Each structure stands twice: as C-alpha cells, then as structure tokens.
Amino acid sequence: MKKHNFNAGPSILPRVAIENTAKAVLDLNGIGMSILEISHRSKDFQAIMDEAVALFKELLHIPEGYQVLFLGGGASLQFCMIPFNMLNKKAAYLETGVWAKKAAKEAKFFGDVNIVATSSDKNFSYIPKGYAIPTDADYFHITTNNTIYGTEIHTDIDSPVNLVADMSSDILSRPVDVSKYAMIYGGAQKNLGPAGVTFVIVREDILGKVERPIPTMLDYRTHIKEGSMFNTPPCLPIFTVKETLKWIKELGGVAEMQKINIAKANLLYNAIDSSKMFTGTAEKESRSLMNICFVMKDEYKDKEDAFMEFAKNNGMVGIKGHRSVGGFRASTYNALPKESVEALIQCMKDFESQNS
Ligand SMILES: *Cc1c(COP(=O)(O)O)cnc(C)c1O
C-alpha cells in the first residue's frame, strides 16, 4: 500500500533528492567512488558544498554580508552557540513552545534572558502579539514555526535589535526577507535533508562583539573562515540538501513553494473546520502551514485510538500528535505531495461517516 509520510522530522524528502543521493552513494558522478569514501577536501566534494551554498543564497535572495554555513550539532547546539557568540548582557526571547524554551535555557548560561511574551497559558496554541522588544537587548530570538503545536509566524517581523530565528521546520517554505534577520538557523531534517546537518545564515558584522573567549569549534568565525570545513562536515547530508535545493529551484523557487504549501494546508484546515468530529488545536491566525494539529471533539474523544488505527491501515504514517498536545499532527512539509493531503482527508471523511 502507498504510504503517506506525515512524519514531523526526520520527514519526507523529494523523491528525486533521495534517488540522486542513492546514486551518489554508489558512484558519485561516475568517478568510480562513493560520496561516502571521498575526502571532504577533494574538488568533487568542494563542488557539492559550493553548489549547496550558492543555491541557498539564490533561493532566499541572501544579501551581501551574510554567510551560509553547514555545521554539525543540530539546531540544539545553536541554542548554545548563539548566546556564546552574541550575548553580552541581555537577550530577549519569544516563548512559543518547547524549542523556544530550550533555546532560552541555554542563553541563561551567558547573561540575562528577558522572555518578552509567552503563549504557555494556552499550551502554546497561538503566537503572542503586542509585546515590546527591549532595545537594550543584544538580540531577539524567535522560533518561526512551532513544530509541536502547529503555530507559525508567517511574516518577517520588525525588530529594533538583531533578530535571530530558529527556522528548523519552515525554512524554504516561503520567501523570507533575510535582511531583517541577523541570523537564521535550523536542523535540516524537517524540510531540507536528512538529520546530521544544520544550516546557519549569519550576518558577519554581528560577530566578534562579545568579550568572552569562545572555544574554536563554537565560534562562527572559525566556520566562516574555513568554509564550513574547519572539521569534517556531514558530507552526505549536505549532498542531499543540495539535491533538495535543486528540486525547489526547478519547481520555481520559494514563492512557488509557498503557493503549493498554502493550497495543501487550506485543503486540510478546511476539512478539519467543516468536520463534525475533528477540530484544530491552534488559533486560526497562528496556524502553521507545515504542521497541522487537530484532535477529536470532546464527544468523540474516545474514538481517537480507533482513528489512529484506521488511518494507519489506510497508509497514513506519522500522524500521531506530540504527547504534549495529543490527538493528531499532519506535517505537510515542502516535499509532501498534495495527493497525500487528499488521501488523509478522504480517510477522515470515511472514518467520520462510519462512526457517527
Ligand atoms: C526539531 C526542532 C529543533 C531541534 O533540532 P535538532 O536538530 O534535533 O537539535 C529545534 N527547533 C525546532 C523548531 C524544531 O522543529
């Protein structure tokens, strides 16, 4: 049976990116060796790294003065590297979920942390509005897409201080005005590639402003200077990221990607809103285009396990909601085809008519 992959991360990737990765594992561009067994210093790998960086810059129209890095350690290591490199006295954080909290927790090792607003009062089901960003903060940190709760900041906000964004789960899902950010980062495994590589887009002039000594590996300037090759980079994940970026480009770029994502999300949200059995968990204005969270209405709550089973038997994979929200979560990342969304909707309708 065809599987519909709604996994939250690691998650679905463009089929062509996987196929080309498989080929490169067997024989990279006909050189008679696998990408797994060549030096990261070889010209063959350098070309892959260069193309990945160039495509990232092209797709997001990254202006002069910014660097694109591919590092190890996941988004979680960035939670610590950001304050290590940028926090002198005080940093501001928007608390929109568990990832945002984890990011703020690391900053506390380096200085004062000001939580400008939180949506914890309603289990992070909305994006706070009307907060003030302290102008004396070294930076303001946001999590643009809250993977667990299905909420998203859909626009590039104005910040009076350096804006730092965790875009792990919505990078390249829409056009972004990079010039509004000092830094954008994330793990690749939600929308870009396999686990093991972290992308960082950083404006160079924000670095070198802290007094503390920074260990070599944790200093962004090391990785800029060495072109992400101070140490051995995650070569294979970078190859797949490059292939995913090529796929986005061929599709028409991030503006086109956004249109497709809006269409897919609208289909599913409309189905949830018009259902008598299911209901969404995030506030409408804050709803994510990438992670669509829903539960059963109170009167049908006892049918959640049965729906889970039914969906599984119909090829749906990864739709169990995160334990802190419950219910269901359909991750509709870039690579998820519209047919999978339609299949899930059909599944919901069939279950509803058989059970009400
Ligand atoms: C998954 C996720 C992370 C954690 O990424 P790791 O690469 O596993 O450290 C951080 N932030 C957000 C928004 C995520 O979705």
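Tutor: The C-alpha centres of domain 1 and domain 2 lie 27 Å apart, and the chain is divided into domain 1 (15-251) and domain 2 (253-355), bounds that come from an automatic or database domain assignment. This is a predicted model, in which local features need pLDDT of at least 70 and side-chain atom pairs count only at pLDDT 80 or more, while totals for chains, interfaces and linings use all residues. Residues are numbered from 1 along each chain as its sequence is written, and side-chain values use heavy atoms, with hydrogens and water left out.

Student: How many residues of domain 1 are in contact with domain 2?
Tutor: Contact means heavy atoms within 4.5 Å, and 29 residues of domain 1 are in contact with 27 residues of domain 2.

Student: What is the area buried between domain 1 and domain 2?
Tutor: Buried area is the accessible area (1.4 Å probe) that two parts lose on being put together, summed over both; here the area is about 2200 Å², and carbon and sulfur atoms give 54% of it. Of the area that domain 1 buries against domain 2, Ile148, Gly150 and Leu251 supply 22%, more than any other three residues.

Student: Which residues are closest to the ligand?
Tutor: A residue is near a molecule if one of its heavy atoms lies within 4 Å of it; 14 residues surround the ligand, and the closest are Ser76, Thr147, Asp166, Gln189 and Lys190.

Student: Which helix gives the most to the shell around the ligand?
Tutor: Helices are DSSP runs (H or I, at least four residues), numbered from the N terminus, and helix α3 (residues 74-86) gives the most, with four residues.

Notes:
Helix = DSSP H or I, 4+ residues; strand = E, 2+ residues; numbered from the N terminus.
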